[in-house]
Amino acid sequence: MTGKKEWLSEFDDSRKTSVRLADNRSMKAQGVGNVTIQGKYGNKAVIDKVLYVPAMKCNLMSVGQLIKKGYLVTMENDTLKLYNLEKKLILQSSLTKNRTFKTSIVIKEEMYYKALVKDDESELWHKRYGHLNYRSLCLLKSKNMVIGELNVKIPKKSCSICLVGKHSRSAFKSELKMRAELVVNVVHSDICGPIEVPTYSGKIYFITFVDKYSRMLWLYSINLKSDALKVFQKFKVLAEKQSGLKLGGGEYTSRDFESYCTNQGIIYEVTALYTPQHNGRAERRDRSMFDMARSMLKEKKLPHEFWGEAVNTVAYILNRCPTKKMKDKVPEEIWSGRKPSVSHLKVFSSICYKHVPDSRRKNVTPRFPNNVILI
């Protein structure tokens with residue numbers, strides 16, 4: 001037991017208990033963690049399941065618990081010696097007047113630095129995933145839904161960027177029963193815009209397509225609403241080639257669009273005016289994307305003209321995020337049949353350098369020129 005929280009790595013504050021002392025008093029333990037101690041000659045040992053008791057004035061180490069964990073303890077000539085699992089001496093102490101063994105131990109600094117770094121790593125993955133909520137990040141890790149080292153735990157403090165970028169109101173209705181039994185049976189779509197600030201390429205709208213079965217998301221930026229038919233035709237070819245199935249499909253209201261869907265055997269449903277809740281799947285995805293994109297832009301203090309790059313990045317991320325319906329798999333795996341890797345993810349708008357290959361570089365040209373690319 002210890003009263004020094006900074007010594008503890010992999011600290012779990014959910015494991016609270018009471019400790020009863022020899023004089024029948026009790027103290028509250030506020031969590032459990034690991035302490036790494038280092039011997040005089042560099043040997044070290046990790047003592048796990050150490051109780052954090054804030055009221056403790058000194059640190060107590062139980063010989064019985066150490067023996068139970070596999071450590072070797074010897075007592076000869078009023079001297080206690082502790083050996084680690086490799087039988088290397090960690091510490092020794094002489095018997096004091098009050099019949100106890102007191103010793104000064106060295107705590108490995110990098111271990112409790114590691115605990116702090118773990119918090120930072122959780123925040124880093126929160127940013128890499130476009131400010132996705134921490135519960136979903138933990139779900140990705142616990143269910144092994146993607147490939148990569150997601151060292152994430154839920155922090156005590158809320159992300160200030162998320163508080164600014166993700167305000168919302170209560171849900172409009174409860175979830176309806178799923179109608180799709182296979183991928184591309186039902187696809188929700190929505191056109192979002194016009195966005196007040198055009199992208200650098202002049203786009204002021206974007207279209208989303210959400211497969212109801214897998215929750216897979218596709219996003220296309222467009223200049224005009226009238227481009228919707230052209231984009232839908234492009235998406236249809238892509239979805240059918242990737243899935244091997246035929247697409248079964250009040251913003252797509254043009255006669256050309258309706259005629260195209262009829263000729264292709266696609267059931268064409270539109271929503272009532274001013275009732276975006278009727279197209280809840282696509283509308284919620286739009287909201288999630290803008291929440292995340294807004295947070296990503298604010299995090300890096302980027303101008304609004306980068307919203308196009310942000311929402312495209314968010315669409316890529318959401319396909320690697322857990323959903324309420326499919327808790328054990330992310331959309332990308334349901335759609336493609338392969339578990340995606342996230343090891344390559346970087347925080348949006350990270351700085352990278354363009355490498356110039358030898359075939360295109362002169363002798364004096366640097367391998368990494370000064371021009372910087374934001375990703």
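**Confidence and sheets in a predicted model**

The chain averages a pLDDT (the predictor's confidence in each residue, from 0 to 100) of 79, and 79% of the residues score at least 70. This is a predicted model: local features need pLDDT of at least 70, side-chain atom pairs count only at pLDDT 80 or more, and totals for chains, interfaces and linings use all residues. Residues are numbered from 1 along each chain as its sequence is written, and side-chain values use heavy atoms, with hydrogens and water left out.

Student: Over residues 172-176, how many contacts beyond four places in sequence does the model have?
Tutor: Contact means heavy atoms within 4.5 Å. pLDDT stays under 50 here. Where pLDDT is low, the predicted coordinates should not be read in detail. The model's count for residues 172-176 is six.

Student: In strand 12, which residue is the bridge partner of Phe 209?
Tutor: Strand 11 covers residues 205-211. Strand 11 and strand 12 pair in the antiparallel sense over six bridges. The partner of Phe 209 is Trp 218.

Student: Which residue in strand 8 stands opposite Leu 82?
Tutor: Strand 7 spans residues 79-83. Five bridges join strand 7 to strand 8, and the two run antiparallel. Opposite Leu 82 stands Leu 91.

Methods. Pairing = 2+ DSSP bridges. Helix = DSSP H or I, 4+ residues; strand = E, 2+ residues; numbered from the N terminus.
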